[in-house]
Amino acid sequence: MGAERPRGLLLDAMGTLIGLRKSVGHTYAEAACRHGLSLDAEALNAAFRTVFAAAPPLAFPSLQGAALRQAEQDWWTARVNATLEAVGVERPPAELGPELFHCFADAGLWQPYPEVPALLQRWHGQGLKLAVVSNFDSRLEPLLEQLGLRSWLHAVVVSSAVGAAKPEPAPLLLALEQLALPGSAVWHVGDSHDDEAAAAAAGLRCVRVQRP
């Protein structure tokens with residue numbers, strides 16, 4: 001890892017460690033079909049990308065427990081509804097947003113990228129402290145457990161619980177606190193501009209992952 005080897009790594013999740021087995025649009029289309037709607041998966045993908053890019057941060061200061069979980073579900077339900085409305089569904093079924101929220105908690109929809117388990121095992125074995133820092137919600141830690149990745153991690157930090165999302169530095173700073181390491185000893189690994197900006201704001205070196 002170079003001359004100045006880090007003592008810890010903060011790792012983004014989606015797009016860095018894990019990805020979906022099939023597209024968001026495909027899963028949305030399948031769920032919509034169960035409610036009598038015939039929608040095009042590619043159109044849903046395009047709409048979702050636009051809706052997600054314009055969404056407020058998935059972050060809820062001062063919430064925890066059941067209130068946090070409800071806020072997370074409500075946030076994603078609003079994204080589902082906006083996505084369906086963008087492809088012409090005037091009144092999205094009220095049950096669809098919560099249904100999809102629980103659907104994406106199923107580890108069967110996700111998979112680690114092929115090299116990830118071996119890398120995490122190797123880094124852990126080398127004594128690096130590892131934390132996942134993600135703009136996601138409380139479903140992430142159980143997903144990582146079910147995907148066989150949690151055992152190598154010292155901490156999992158999600159924006160919804162922190163109350164701030166990357167590119168804000170707060171999630172990374174909390175992870176540093178949980179690892180008990182200074183920023184000078186830690187690198188951040190992610191796949192987006194938000195990862196780079198958050199790392200810069202927190203004083204960390206960032207390694208950018210480029211996936212197809």
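Me: Start with helices α2 and α3. Which hand does their crossing have?

Reply: The crossing of α2 and α3 is right-handed. Keep in mind that this is a predicted model.

Me: How do I read the packing angle of α2 and α3?

Reply: Angles under 35 degrees count as roughly parallel, over 145 as roughly antiparallel, 65 to 115 as roughly perpendicular and the rest as oblique. Here α2 (residues 41-53) and α3 (residues 65-86) pack at about 130°. Their axes lie 9 Å apart. The two helices are therefore oblique to each other.

Me: Which residues make the contact?

Reply: From α2 come Leu-44, Ala-47, Phe-48, Val-51 and Phe-52. From α3 come Trp-75, Trp-76, Arg-79, Ala-82, Thr-83, Leu-84 and Ala-86. By class, the contact has 10 nonpolar, one polar and one charged residues.

Me: Why do residues three or four places apart in an α-helix point the same way?

Reply: An α-helix has 3.6 residues a turn, so residues at that spacing point the same way. On α2, the contact residues include Leu-44, Phe-48 and Phe-52.

Me: Now the core. Which residues touch the most other members of the largest nonpolar core?

Reply: They are Tyr-28, Leu-120, Val-132 and Leu-140, out of 50 residues in that core. Helix α3 gives the most to this core, with six residues. A second, separate core has 16 residues, including Val-157, Leu-176, Ala-198 and Ala-202.

Me: What does Tyr-28 touch?

Reply: Leaving out residues up to four places away in sequence, Tyr-28 touches Leu-44, Phe-48, Val-80, Thr-83, Leu-84, Leu-100 and Phe-104. Leu-44 and Phe-48 also belong to the α2 side of the helix contact. Thr-83 and Leu-84 belong to the α3 side.

Me: Is α1 mostly covered or mostly open?

Reply: Helix α1 (residues 24-33) is mostly covered, with seven of its 10 residues buried. These are Val-24, Gly-25, Thr-27, Tyr-28, Ala-29, Ala-31 and Ala-32. The cover includes β2 (18-20), α2, α3 and α4 (96-103).

Me: Is Ser-134 buried or exposed?

Reply: The cut-off for buried is under 20% relative accessible area. Ser-134 has 2% relative accessibility, so Ser-134 counts as buried. Ser-134 is found in strand β4 (residues 129-134). Beyond residues up to four places away in sequence, Ser-134 touches Asp-12, Ala-13, Met-14, Leu-140, Val-157, Val-158, Ser-159 and Lys-166.

Me: And Pro-6: buried or exposed?

Reply: Pro-6 counts as buried because its relative accessibility is 2%. Pro-6 lies in the segment before β1 (8-11). Its C-alpha atom is separated by 17 Å from that of Ala-155, 149 residues apart along the chain.

Conventions:
Residues numbered from 1 in each chain as written. Predicted model: local features only at pLDDT ≥ 70, side-chain atom pairs only at ≥ 80, totals over all residues. Heavy atoms only, no water. Axes fitted to C-alpha atoms, helices over the stretch in contact; angles between N-to-C directions. Helix = DSSP H or I, 4+ residues; strand = E, 2+ residues; numbered from the N terminus. Left-handed = near helix turned anticlockwise from the far one by under 90°. Contact = heavy atoms within 4.5 Å. Nonpolar A, V, L, I, M, F, W, Y, C, P; charged D, E, K, R; others polar. Core = buried A, V, L, I, M, F, W, Y, C linked by side-chain atoms within 4.5 Å. Buried < 20%, exposed > 50% of the residue type's maximum accessible area, 1.4 Å probe, protein only.
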